[in-house]
Amino acid sequence: MPRHVLLTTLALCLASVGVAPLAAQDLTITNAHIVVGNGTVIERGSIVVRGGKIVSVAAGAPSAKSGQTIDAKGMSAIAGFIDAHKHINTGPDEKAQMQRLLEAGYTTVLSGGGPAEGNITLRDHIEQGLINGPRIIPSGSLRLANQTPESAREEIRKLAALGIKYTGEIALTPVPGPSDKELETLRAVLDEAKKVGILVQVHAVSSPAMMAAVNLGVPLLVHIPNKDWVRKADADKLAASGTKALMTIGFGAPVFGVFANDNKPRFRDGKDWPQGIVDGVGIGEEAGYMIVNARTLFDAGVILGYCTDTSYDAVAGLEHELKSMNVVFSMQDMVKIMGPNTASYIQMQGELGTLEAGKLADIVLLAGDPLEGYWNWLKAKVVVKGGKVVVDKR
């Protein structure tokens, strides 16, 4: 064999050896405090992963190890975080943005909308290994104001042809409530979406808009009301309907130290608070509506999930939401909301949301116990997606 061919072959072999550990989907985690997500907590145990899926979660040492071994040294293992509504798309900043999401602990993100083609491109960049990032579920925008019932049906068919399974958030007028024309078009959207296998997500941020959506049979609400108080009777009706909802509980609560370190309260886009609150109804009372309404719906039995919506920094957004949730929810509640409830919202409850055998190996190792306080959720040290170690900050 000529020398240059031999050297080339050797280089390719070495390169393949170098990337093999990153591609491996077999993994063993030992000595971990495991918050399973179904109410079970294992004080010190192990997780074994094969082929990207969890095969065992048990107390003590594993009976048989698999692949790379990570000694958690007492760190806490929790299911990878899911953001079920975040505005992302392909673009020049995608590499940095996706990396920050992983470092925060997010392993799955359902896009909040935007051009469907851009969402698909972003997903493909990650799946092809061009950039590092969480699992992306693309969606596609549809605005009722620009549509007739028939044109809306055509838009749904176009999304289906692209392989899209979710609409982006479809806005309903919150105050005084959606018009008859909006509801007529939304009815057509729901009918066509059912035919082609697309799940419809609606942005309904007042009680009139929320209940109009529920009455039409909307399956998914990307936000809960921030314009008024949710009545218990409406919460009970929402729970009975089976419609699932996301919070963005931090909407309206002031942000500090993210956009400037001047100790001034800001809205989540950096504008002055409370004047900068989108479609504000008062002097910051939106913060109260969101927090109380979240608890009202949760107590009624609504499957209430987690999202950040905003496009600002992943870690800062996570902290803001966790702080806001902490006002009305226990850590055990938050595990349920961020894990199994959010997995249910994105129709992946059989694959994500808890650390159980048979599920995808999306795991975050935290330098602290998440059941002790929300601040420990901000201490991601190792992030595993589908059995692959994608972040290691030990």
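The report covers the strands first, then the aromatic pairs, then one threonine.

This is a predicted model: local features need pLDDT of at least 70, side-chain atom pairs count only at pLDDT 80 or more, and totals for chains, interfaces and linings use all residues. Residues are numbered from 1 along each chain as its sequence is written, and side-chain values use heavy atoms, with hydrogens and water left out.

**Strands around β7**

Helices (H or I, at least four residues) and strands (E, at least two) are DSSP runs, numbered from the N terminus. Two strands pair if DSSP finds at least two bridges between them. Strand β7 spans residues 106–111. Of its 6 residues, 6 are buried, where buried means under 20% relative accessible area, exposed over 50%, and partly exposed in between (1.4 Å probe, protein chains only).

Strand β7 pairs with β6 (residues 81–86) in the parallel sense, over 4 bridges. Here Ile82 has Thr108 of β7 as its bridge partner. Right-handed means that, with the strands pointing away from the viewer, the path from the first strand over the helix to the second runs clockwise.

Strand β7 also runs parallel to β8 (residues 135–137), joined by 3 bridges. Leu110 stands opposite Ile137 in β8. The chain passes from β7 through helix α3 (residues 116–127) to β8, in a right-handed β-α-β crossover.

Strands β10 (residues 199–203) and β11 (residues 220–221) pair in the parallel sense over 2 bridges. Val202 stands opposite Leu221 in β11.

Axes are lines fitted to C-alpha atoms, for helices over the stretch in contact (heavy atoms within 4.5 Å).

**Aromatic pairs**

Rings of Phe, Tyr and Trp (its six-membered ring) pair if their centres lie within 6.5 Å; planes under 30 degrees apart count as stacked, over 60 as edge-to-face and the rest as tilted. The count comes to 8 aromatic pairs. Two of them are tabulated here.

| Pair | Type | Centre to centre | Between planes |
|---|---|---|---|
| Tyr106 and Tyr306 | stacked | 6.4 Å | 20° |
| Phe259 and Tyr312 | edge-to-face | 5.4 Å | 75° |

Why does the pair of Tyr106 and Tyr306 tie together parts that are 200 residues apart in sequence? Tyr106 lies in β7 and Tyr306 in the loop between β13 and α9 (314–326), so the pair joins those parts. Tyr106 is buried, at 1% relative accessibility. Tyr306 is buried too, at 0%. Phe81, Tyr106, Tyr306 and Trp377 form one aromatic cluster.

The pair of Phe259 and Tyr312 links distant parts of the chain, 53 residues apart. Phe259 sits in the loop between β12 (244–246) and α8 (286–300), and Tyr312 in the loop between β13 and α9. Phe259 is partly exposed at 36% relative accessibility, whereas Tyr312 is buried, with a relative accessible area of 9%.

**Thr354**

Thr354 lies in the loop between α10 (331–345) and β14 (363–366). With a relative accessible area of 6%, Thr354 is buried. Leaving aside neighbours within four places in sequence, Thr354 is in contact with Val36, Gly37, Asn38, Ala79, Pro340 and Lys359. The side chains of Thr354 and Lys359 make a polar contact (2.7 Å). A polar contact is a pair of N or O atoms within 3.5 Å; within protein, one must be able to donate a hydrogen and the other to accept it, and residues adjacent in sequence count only if both atoms are side-chain atoms.
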